[in-house]
Amino acid sequence: MRSSYRYVVVGAGGIGSAAAYWLARTAGDDVLCLEQWALGHALGASEDHSRIIRLGYHAERYTALTADSYAAWRVAEEASGVDLVHRTGMVNLAPAGGPGTAIIDAYVEAMGAHGIAFEQLDARGVTERWPQFRLAGEHAALFQPDGGILDIRRGGAVHRALAGAAGATVLADHPVLELRATDAGVELDTPHGTVRAEQVVLCAGAWNRGLLAQLGVDWPIRLTQEQVTYYATPELRRFAPDRFPIWIWHGESEFYGFPVFGEVATKAAEDLGGPAVDVQPSSWEPDRERVARVTRFLDELLPGYTGPELYTRCCLYDMPPDRDFVLDRVPGHPNVTVAVGAGHAAKFAALFGRILSELVLDGATAFPIAPFRADRPALTDPAFPPTYRLGGAVAA
């Protein structure tokens with residue numbers, strides 16, 4: 001590790017690895033990426049086999065970016081020869097007349113505004129196409145054929161490899177102990193020495209808040225401990241990716257799941273089912289009642305989808321009060337740029353890496369990221385009412 005670099009990325013997860021790659025395409029060996037643990041460790045939010053990737057979203061501020069997200073992942077696939085996006089289709093479901101129908105309507109409006117193809121279905125249409133579902137009563141649903149699975153673990157590894165090939169230095173086991181703004185840029189203290197940088201990009205996920213605090217910035221980012229469960233279903237063929245889509249259930253609670261992928265198992269979780277926590281990785285243990293709650297729901301909706309629990313994995317969501325991303329310079333610190341993923345950024349990681357590099361190298365980006373500014377009321381107004389659920393249906 002040299003003592004100075006033009007650009008230092010803090011965090012080598014999904015977004016940080018992509019930022020290092022896109023910076024290295026221009027700046028080569030003047031890019032350093034620091035990871036506090038081993039590369040590909042299991043404690044980050046982007047170290048698992050699969051994440052949902054989709055063109056469909058409930059709001060235009062997201063659908064304005066989804067097509068570009070797919071394009072950014074294609075850049076990594078073409079440069080590496082590694083397949084990262086696996087299309088299975090995506091189905092969103094909600095009981096008719098319940099709170100989820102408004103979210104389905106919002107999907108329709110947002111996708112229509114950006115010309116994204118989709119198909120609306122009723123309960124019969126869903127079960128005729130995918131008899132794996134058991135739907136009692138009327139339901140609203142929509143199908144988006146381009147939705148699928150992003151292999152986020154491979155995605156991070158691919159971006160790190162490409163960054164290294166372009167000249168960047170990527171170092172594991174280099175936590176940033178202290179961050180200081182200077183007249184010349186930023187100084188970062190690590191156990192292995194101090195590094196000086198002209199520009200720093202913070203991509204540390206749940207650890208961003210602590211790093212920002214060292215700069216005197218205290219954003220109301222709420223951390224929650226979330227979990228996903230892999231089930232060793234005996235019905236492997238019924239839930240194979242060529243026969244079964246990713247799915248999201250919008251009801252009083254929100255659940256989502258995957259076909260068999262990554263493990264010889266299905267995978268499902270409840271969105272926002274976990275408690276608020278501090279950053280204490282050693283204490284992360286699955287909540288057995290939450291596993292049981294998800295299993296009961298699945299056994300009603302998708303008979304045969306569950307089976308013996310293979311394992312349950314925990315991670316942290318880092319959520320501003322509006323649960324929108326942050327992609328911006330840190331106010332008062334022109335040499336520091338930050339990305340906050342808000343618990344749903346993995347699908348955008350490749351694109352966000354490009355956007356961050358443009359903000360750093362060019363001072364601006366043409367991608368529509370105005371809703372994700374760092375000076376918006378959700379971050380600056382103490383009276384801003386938090387609404388953490390995507391779609392705004394459930395407040396904190």
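Among the contacts (heavy atoms within 4.5 Å) between residues at least 6 apart in sequence, 73% join residues at least 24 apart. The model is predicted, so local features need pLDDT of at least 70 and side-chain atom pairs count only at pLDDT 80 or more, while totals for chains, interfaces and linings use all residues. Residues are numbered from 1 along each chain as its sequence is written, and side-chain values use heavy atoms, with hydrogens and water left out.

Of the 396 residues in the protein, 56% are buried, meaning under 20% relative accessible area with a 1.4 Å probe and protein chains only. In the largest nonpolar core, which has 72 residues, Trp73 and Phe352 touch the most other members; such a core is a set of buried Ala, Val, Leu, Ile, Met, Phe, Trp, Tyr and Cys residues joined through side-chain atoms within 4.5 Å. Another core, of 34 residues, lies apart from it and includes Tyr5, Val8, Leu179 and Val338.

Helices here are DSSP runs of H or I with at least four residues, numbered from the N terminus. The axes of α2 (residues 60-80) and α8 (residues 349-362), which are lines fitted to C-alpha atoms over the stretch in contact, come within 7 Å and cross at roughly 90°. That makes α2 roughly perpendicular to α8, a term for angles of 65 to 115 degrees, on a scale from 0 to 180 degrees between N-to-C directions.

Conventions. Helix = DSSP H or I, 4+ residues; strand = E, 2+ residues; numbered from the N terminus. Parallel < 35°, antiparallel > 145°, perpendicular 65-115°, else oblique. Buried < 20%, exposed > 50% of the residue type's maximum accessible area, 1.4 Å probe, protein only.
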